[in-house]
Amino acid sequence: MSTDATLSFEEAMEKYDPVLGFEVHVELNTKTKMFSSAPNVFGDEPNTNVNEVDLGMPGVLPVVNRTAIESSIKIGLALNCKIAESCTFARKQYFYPDTPKNFQTSQYEDPIAYDGYLDIELSDGTIFRVEIERAHMEEDAGKLTHMGGSAGRIQGADFSLVDYNRSGVPLVEIVTKPIEGAGSRAPELAKAYVAAVREIVKNLGVSDAKMERGNVRCDANVSLRPHGRERFGIRSETKNVNSLRAVEHAVRYEIQRHAAVLDSGEPVVQETRHWHEDTRTTTSGRAKSDADDYRYFPEPDLVPIVASREWVEELRATLPEPPAARRKRLQADWGYSDLEFRDVVNAGVMDEIEETIAAGASATVARKWWMGEIVGRAKNADVDPGQLGVQPATIVELNRLVEDGKINNKMATEVLDGVLAGEGTPAEIVEKRGLAVVSDDGPLLEAIDAALAAQPDVAEKIRGGKLQAIGAIVGGVMKATRGQADAARVRELILEKLGVEG
Amino acid sequence: MAAINRDDVAHLAQLAHIEMNAEELDRMAGELAVIVDSVKSVSEAAGDDVPRTSHPIPLTNVFREDVVGHTFTAEQALSGAPDSDENRFKVPAILDEA
């Protein structure tokens with residue numbers, strides 16, 4: 001495999017202006033598939049979540065999943081799209097073993113949602129508007145595993161094995177208009193855009209939104225043009241870039257590669273590129289050709305979808321607060337600085353802090369614990385902070401123990417470790433580990449124990465109620481501590497120790 | 001006569017994975033032209049007042065509730081497969097065709 005020439009990103013940016021475009025596929029988390037009642041479940045035994053519809057048997061009829069339509073409309077609304085009053089499904093014809101029917105049921109001329117936008121916030125707070133061309137409904141394809149040849153890659157494979165469990169899983173494909181003007185922020189914008197789409201569909205509850213499972217998949221289009229030229233350059237489409245980091249890296253790499261091609265005086269080839277996470281490069285897939293002539297036509301087995309305005313408004317009323325609006329509200333409520341809040345968001349503990357505050361902690365306390373203690377421990381354990389096992393109530397209880405003077409901050413972190421080790425609640429751990437002591441009383445208690453042991457008869461008198469006898473013990477303690485103890489506190493501690501009311 | 005020539009037919013045949021010889025291509029180019037013309041005459045019959053439709057029956061929103069129904073076992077699913085392995089359909093490597 002030859003390595004493509006690249007320019008440095010800085011040089012590429014000096015010479016050229018990037019134009020981006022994204023197709024993001026979102027798998028819906030309906031219980032069943034788009035057109036069949038087989039279960040939509042990830043990770044089951046191969047070819048067990050299928051029936052005759054998913055396998056494309058002759059004579060079968062698809063029936064549309066109502067929930068999938070509603071989820072699609074919700075996604076359209078959350079992307080500020082118009083919802084089509086009426087739309088249809090279409091057949092997209094191609095031969096490939098991931099599609100047993102030899103066509104994918106999709107939408108073509110009339111997507112369910114169109115003409116929307118998303119305002120994307122970049123890391124420095126800049127807002128960049130990405131226009132949405134359309135969001136259309138379709139079905140996922142089966143999963144191919146290439147066997148033999150070079151491990152797992154289609155190049156050189158001897159044969160492929162097909163699992164149709166994913167066949168027919170409802171998809172919404174979100175297509176942007178060409179994105180101009182991002183300049184050197186293009187890679188960052190790419191990542192932020194896909195993150196925003198993922199956040200929206202997760203927030204809507206319509207997708208599990210796990211990129212590592214392919215619930216959200218991104219195809220990234222990149223082209224370059226000389227600064228000041230209006231006409232777009234020839235684009236490449238990098239397929240299945242399946243993590244947020246990879247989206248950023250892939251766009252950056254393609255900009256660098258295109259720049260080197262253009263510098264050499266050659267035209268960019270319009271083609272599909274495959275992203276390789278290991279080398280952080282792309283390689284040529286297939287050139288766009290006749291194979292892309294999909295001969296779409298209206299799906300004769302499915303009737304049109306009519307979304308009445310009443311239905312759309314009913315669905316709109318169920319939409320949760322948009323993620324961006326929620327972040328603004330939470331930051332204002334909590335009184336965090338921009339930097340503090342950004343750190344919280346980047347650390348992925350915004351939801352956890354919100355729950356901790358709801359459980360009774362102050363915003364300052366919640367941030368101190370999550371950012372100061374838990375994020376670091378989660379990093380060491382290589383899990384998300386929210387999955388470490390710390391409950392909001394744990395933090396509230398720890399903080400109360402500190403505020404009540406039962407333990408100090410140092411002990412509190414020790415108690416937290418105890419909670420994570422499964423030793424029980426903070427109060428139980430304080431008890432078990434013998435931490436429920438204000439440290440200053442430690443030496444006093446030792447001295448009291450010694451004085452009581454030295455004068456058991458006096459101790460007995462005090463127990464018997466002769467409180468004036470206490471002077472002898474206090475004296476012993478004062479002597480042992482060379483007079484540096486607070487006599488009144490010593491008296492209190494002696495009475496407490498002997499279980500006598502003062 | 002509709003503009004459908006031999007090259008169009010050869011292109012469609014390739015897309016549809018239909019093997020056709022020279023004689024068949026010639027014959028089909030003629031036949032398809034007649035069919036396309038016939039369809040065209042239907043289009044002429046529908047005036048501007050007839051909305052475009054994708055379906056002969058005036059039905060909309062035929063839905064199914066999102067409730068899990070029947071499935072096949074892997075054995076049933078694979079029962080008609082020419083070849084299988086590890087409970088999956090076995091197919092030839094297909095890169096060259098794409």
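Two strands are taken to pair if DSSP finds at least two bridges between them. Strands (E, at least two residues) and helices (H or I, at least four) are DSSP runs, numbered from the N terminus. This is a predicted model, in which local features need pLDDT of at least 70 and side-chain atom pairs count only at pLDDT 80 or more, while totals for chains, interfaces and linings use all residues. Residues are numbered from 1 along each chain as its sequence is written, and chains are lettered from A in the order in which they are written.

**View 1. Pairing of S10(A) with S3(B).** Strand S10 of chain A and strand S3 (residues 88–92) of chain B pair in the antiparallel sense over 4 bridges. Within this pairing, Phe159(A) stands opposite Pro92(B).

**View 2. Pairing of S9(A) with S10(A).** These strands are antiparallel and joined over 5 bridges, with S10(A) covering residues 159–163. Phe159(A) is the bridge partner of Met147(A).

**View 3. The open sheet of 4 strands.** The order is S9(A)-S10(A)-S3(B)-S2(B), with antiparallel pairing. S9 (143–147) of chain A and S2 (84–85) of chain B stand at the edges; each has a single partner strand, so one side of each is left without a neighbour in the sheet.

**View 4. The side of chain A that touches chain B.** In total, 44 residues of chain A are in contact (C-beta atoms, placed from the backbone, within 7 Å) with 36 residues of chain B. S10(A) gives the most to this side of chain A, with 5 residues. The model scores ipTM 0.89 and pTM 0.79.

Technical notes. Two residues are in contact if their C-beta atoms, placed from the backbone, lie within 7 Å.
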